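Let's take a walk through this one together. Have the sequence and the 3D view open while you read.

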Amino acid sequence: MMDIAINLLASIMLAATPLLLAATGELVVEKAAVLNLGVEGMMLMGAIAGFAVAHETGSVWLALLAAIGAGMALSLLFAVLTLTLQANQTATGLALTIFGRGFSALVGAGYVGIAAPELPKLHLPGLTDLPVLGPVLFSYDPLVYAALLILALVAWFLAKTHAGLILRAIGDQHDAAHVLGYKVIRIRYLAVLFGGAMAGLAGADMSLAYTPLWAQDMIAGRGWVALALVTFAAWRPFWLLIGAWLFGAMMYLSLYVQGLGVPVPQAFLSALPYLGTVVVLVLISRDRRRIRLHRPAMLGRPFQANG
Amino acid sequence: MTQTPLLRLSGIVKQYPGCLANDHVDLTIAPNQIHALLGENGAGKSTLVKIIYGVIRPDAGETVWQGRRVVIQSPAHARRLGIGMVFQHFSLFEALTVADNIALGLNDAKDRVGLRQRIIDVSASYGLPVDPDRTVHDLSVGERQRIEIVRCLLQNPKLLIMDEPTSVLTPQEAETLFATLRRLAAEGCSILYISHKLDEVRALCEAATIMRLGRVVAQLTPRDKTARELASIMISAELKPAAERRPPPAAAAPRLVLNRLNLRATNPFGTSLQAITLSVAGGEIVGIAGIAGNGQGELMDALSGETLAGKPETILLDAVPAGHLGPKERRRLGGCFVPEERNGHGAVTTMSLAENAFLSGHLRGALARLGLIDRRRTQDYTARIIQRFDVRTTGPQATAKSLSGGNLQKFLVGREVMLDPAVLVISQPTWGVDAGAALAIHEAIVALAAAGAAVVIISQDLDEIFLLSDRIAVIAAGRLSEPVPVADATLERIGLLMGGVSPEPAHV
């Protein structure tokens, strides 16, 4: 029984990490009122860039940088199209995902089924060897801890800093921010790039830690779950964490039930984490007033400075 | 005055596509002066002050600030020079607190040290009470304006620009504002006061610059002129006398009845309607006054059927329960509605006038045949609206967005009036409309009531309410006051009701 509990907790932490990374990035993007639906595509680009660089150079750290760069490159394309050229954000985001899927499959064709270095696991002598606490707290790869740290930093940034206040103000009323002299477009560029970097990192977490290999479409919809998390968490960082952990728990549950050989179609079990997470999140965020209160009022609306 | 002017603009030019917004504008403001900038909608006042505040750059012209030539680069630069601005449509962030909103207007980190206490100090010393910890969406319009003023005062401005500050205030709130402005001027802060309310300007301002169609047409001392003289300088056409006052209609059957209408706001920044009761007879015009954001939008939606009232009996149209019916069914019963926002709500801006006419008129105007658009009848119907209401346009095929605000409003009101409604509800009938078009719209409303329709006007413009209404009610915080006959209504009484104060029963 203890083993199951430890496995469950470890599985939650590992499965939650890529979601948390991507969702934290998208949270910042959406707080600036930009809706980037290309998270899945950017994660795939990060996954293949990270895997390829790790395989070619043998350095996982270079691989992480490459993944961040790949995510940012794709998000820069999105920013140029939607912020500078005023293209529709929804359509551009969808196009980004389609492009990311195709391009990552093309680049990754030669990397299917081969190995690359994995992200090392933390090993703190004494702590990691502790019973129960060791495996639950002190035995993960660095991105697990990074994801939690970044989420905490983003929560602090948004709530407590002046720069975070400006970001929220731009999401709430971009025209008012403009007449006060804030550079709406420039700040949105920075937010979108941060989102791209985080999505790239999330992709690398998938291909270098969670399932350390490359397979076409290996993100398997997690980018969409990250997007849903941001909405159903009503743009509050703490609830992102709850949602990501919930997904992790569901993931473990579906694998566990499959292992027991319960006569349920496997396709249904694979879909369960996605379905379950969304259903639970919808149930806990039914309060429409609260959603509207936290929702960036300008979400998805283009901004054009006209005097 | 021999001292150096605080601000001198000369030869300011700003060209927009298809419109010369500022044509060689000169403006001089002396220290300690309250200076009025007068003009109709579209005269170029807003463009000029945005140039002064650094939001937009002029194409040509010179700006001299305290004797030195400057090019104002940005609002932050303007604030550093000592120019503060209170906007007409407030530049506030609804989801943020008062303190956060004020912090966003302060560029220097050192200005933000101990901000909460300084907000409290400044607001106390000027009699402008604001609570730094409240969220803006909970606040009244008057309170919001105070926040903007406090935000400016925290930077010790030498020039404070106020863009139509009293258009959203009750008469009593306006008096308080004037006292604050006079005190500021006495303490050395000049004020540029933009308005088209002439009495106000005569009472408050020592100098005035009058603009018309992008040009300065006069620079004068407003106290030397009568309001009527100022108006004739400001408005190009000679003012025609307003629509004739009609005798109040004899008692007729109520055509529109609201029976304790309650509606919970779905929008967290909205206002819930509470037990709204009203009865409007055929031939009667009832005006609903109130400060923006007190439930007018929600009331309009409830009347038009965009928000359903739930119980059918809460709204009766010609004695038929209609609370549960959508807009289409209500139109079938004879209800016609003109919402406040012309673009996107009243009209589909990218569609032609004929298509827009069809959208609201196809039921009562019988513009459809076998479920298809009858193009000929729609075209004829649109042409008749254009002709009868003197809509300046190239024809029924012109897109709605090609029309100026006043012309589009004439078209939208005309579209409903032509349908011969039993009940007409109009929100802000002449908002942002020039004097000539306003007159045409007022005449159409009066004629419709004379023909037996029940008319409800929801307006922030008290002059308009007093001019047209047989009875006046006030909406405040989602509650509607008992309507009073216009003869018994005084500006003071209505003003108190707008501020949410119930006056003592009849001590007139």
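How many residues lie between β9(B) and β10(B) in their hairpin? Two residues sit between these strands, and one residue of the turn, Leu213(B), has a positive phi of about 50°. Keep in mind that this is a predicted model, and that the values below are computed from it.

**Around the hairpin**

Five bridges hold β9(B) to strand β10 (residues 215-220) of chain B, and the two run antiparallel. If you'd like a pair to look for, Met211(B) has Val216(B) in β10(B) as its bridge partner. Strand β9 (residues 207-212) of chain B also pairs with strand β3 (residues 34-38) of chain B, but here the strands run parallel, joined by four bridges.

**Chain B as a whole**

Now zoom out. Chain B contains 16 helices and 23 strands. Along the principal axes, its C-alpha trace spans about 70 × 50 × 45 Å.

The chain splits into domain 1 (7-234) and domain 2 (254-345 + 420-498). Note that domain 2 of chain B is written as two stretches of sequence. The C-alpha centres of domain 1 and domain 2 of chain B are 33 Å apart.

**Two open sheets**

One open sheet in chain B has four strands in the order β2-β1-β4-β5, with antiparallel pairing. At its edges are β2 (19-29) and β5 (68-70) of chain B, each of which pairs on one side only. Going from one strand to the next, the twist averages 25°. Strand β1 (residues 7-16) of chain B is linked to β2(B) by seven bridges, running antiparallel. Gln15(B) is one to look for here, as it stands opposite Leu20(B) in β2(B).

Another open sheet of four strands has the order β12-β11-β14-β15 in chain B, again with antiparallel pairing. The edge strands here are β12 (273-281) and β15 (320-321) of chain B, each pairing on one side only. Strand β14 (residues 315-317) of chain B meets β15(B) in the antiparallel sense over two bridges, with Leu317(B) opposite Val320(B). A helix joins in as well: α9 (residues 296-304) of chain B packs on the sheet, where it touches β11 (254-263) and β12 of chain B. The direction of α9(B) makes about 60° with that of β12(B).

Here are the strand pairs met so far, gathered for reference:

| Strand pair | Sense | Bridges |
|---|---|---|
| β1(B) and β2(B) | antiparallel | seven bridges |
| β3(B) and β9(B) | parallel | four bridges |
| β9(B) and β10(B) | antiparallel | five bridges |
| β14(B) and β15(B) | antiparallel | two bridges |

**Chain A**

A compact globule of 307 residues would have a radius of gyration near 19 Å, and chain A comes in at 20 Å, which agrees. Its C-alpha atoms fill a box of roughly 65 × 45 × 45 Å, taken along the principal axes.

One helix to pick out is α3 (residues 60-84) of chain A. At 1.5 Å a residue, its 25 residues should span 36 Å, and its end C-alpha atoms are 35 Å apart, which agrees. After α3(A) comes Gln86(A), with a positive phi near 60°.

**Where the chains touch**

Finally, bring the two chains together: 21 residues of chain B are in contact with 17 residues of chain A. On the chain B side, α2 (75-81) and α3 (98-104) each supply at least two residues. The most comes from α3(B), with three residues. By type, the chain B side that touches chain A divides into twelve nonpolar, five polar and four charged residues.

Note on methods
Residues are numbered from 1 along each chain as its sequence is written. Chains are lettered from A and ligands numbered from 1 in the order in which they are written. This is a predicted model: local features need pLDDT of at least 70, side-chain atom pairs count only at pLDDT 80 or more; totals for chains, interfaces and linings use all residues. Two residues are in contact if their C-beta atoms, placed from the backbone, lie within 7 Å. Ala, Val, Leu, Ile, Met, Phe, Trp, Tyr, Cys and Pro count as nonpolar, Asp, Glu, Lys and Arg as charged, and the others, Gly among them, as polar. The expected span of a helix is 1.5 Å times one less than its number of residues. Domain bounds come from an automatic or database domain assignment. Two strands pair if DSSP finds at least two bridges between them. Axes are lines fitted to C-alpha atoms, for helices over the stretch in contact, and angles run from 0 to 180 degrees between N-to-C directions. The radius of gyration is taken over C-alpha atoms; the globule rule is 2.2 Å times the number of residues to the power 0.38.
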